[in-house]
Amino acid sequence: MLEKQIEQYLAKKVKSFGGISLKLTNLIGIPDRLVLLPNGRCAFVELKAPGESPRNIQLKRMQQLRRLGFKVYVADSYERVDEVIRDALQTT
C-alpha cells in the first residue's frame, strides 16, 4: 500500500463526516494534512506508508503543535485513519 492511497482514503473518510482535509505543502516538517471536522474539531495528520516513521524534523514539528494544544497523528493504514477520525471527533 502506498502513502498516497492512505492519503486519498483519509480525504474520502473526512468528507463522509462532513469535514475538509486540507493538504499542507511548502512547510518543512508540517504534517501532510489539516483535518477540519464538524463542531470545530481539527487535527494534523502525517501520512506514511505502512511501517514508515516520521523524520526527525517532522517529529519536532508535531511536538510543537502538540504543545500548542493541537491533536497530531501519524497514520500508516486505513485502520489507523479510522482511529484518528474517531479520536478527533471526540469531545475534549
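This is a predicted model: local features need pLDDT of at least 70, side-chain atom pairs count only at pLDDT 80 or more; totals for chains, interfaces and linings use all residues.
**Entry 1: strand E2**

Strand E1, residues 20–23, is joined to E2 by 4 bridges, and the two run antiparallel. I checked two pairs. Ile-20 has Leu-36 in E2 as its bridge partner. Lys-23 stands opposite Arg-33.

E2 also pairs with E3. This pairing is antiparallel too and has 5 bridges. Here I found Leu-37 opposite Arg-41 in E3. The hairpin of E2 and E3 has 3 residues between the strands. In that hairpin, Asn-39 takes a positive phi near 65°.

I made a note to remember how strands hold on to each other. Strands of a sheet pair through backbone hydrogen bonds, either parallel or antiparallel.

**Entry 2: helices on the sheet**

I turned to the helices.

How do H1 and H3 meet, and at what angle? H1 (residues 3–16) and H3 (residues 78–89) pack at about 35°, with their axes 10 Å apart. The crossing is right-handed. On the H1 side I listed Gln-5, Ile-6, Tyr-9, Leu-10, Lys-13 and Val-14. On the H3 side I listed Tyr-78, Val-81, Asp-82 and Ile-85. Sorted by class, the contact has 7 nonpolar, 1 polar and 2 charged residues.

**Entry 3: the cores**

I looked for the nonpolar cores. The largest has 15 residues. Those that touch the most other members are Leu-10, Val-14, Val-35, Val-45, Leu-47, Tyr-73 and Val-81. H1, E2, E3, E4 and H3 each supply at least two residues of this core. Apart from it lies another core of 5 residues, among them Leu-34, Met-62, Leu-65 and Val-72. I noted the general rule beside this. In soluble globular proteins, nonpolar side chains tend to be buried together.

Beyond residues up to four places away in sequence, Val-14 touches Gly-19, Ile-20, Ser-21, Val-35, Leu-36, Leu-37 and Ile-85.

**Entry 4: Phe-44**

Last, I picked Phe-44, which lies in strand E3 (residues 41–47). Is Phe-44 buried or exposed? Its relative accessible area is 10%, and the cut-off for buried is under 20%, so Phe-44 counts as buried.

I listed its contacts, leaving aside neighbours within four places in sequence. Phe-44 is in contact with Leu-24, Pro-31, Arg-33, Leu-34, Leu-65, Phe-70, Lys-71, Val-72 and Tyr-73. I also checked one distance. The C-alpha atoms of Phe-44 and Ser-21 are separated by 9.5 Å, and these residues are 23 apart along the chain.

Note on methods: Residues are numbered from 1 along each chain as its sequence is written. Side-chain values use heavy atoms; hydrogens and water are left out. Axes are lines fitted to C-alpha atoms, for helices over the stretch in contact, and angles run from 0 to 180 degrees between N-to-C directions. A crossing is left-handed if the near helix is turned anticlockwise from the far one by less than a right angle, and right-handed if clockwise. Contact means heavy atoms within 4.5 Å. Ala, Val, Leu, Ile, Met, Phe, Trp, Tyr, Cys and Pro count as nonpolar, Asp, Glu, Lys and Arg as charged, and the others, Gly among them, as polar. Buried means under 20% relative accessible area, exposed over 50%, partly exposed in between (1.4 Å probe, protein chains only). Two strands pair if DSSP finds at least two bridges between them. A nonpolar core is a set of buried Ala, Val, Leu, Ile, Met, Phe, Trp, Tyr and Cys residues joined through side-chain atoms within 4.5 Å.
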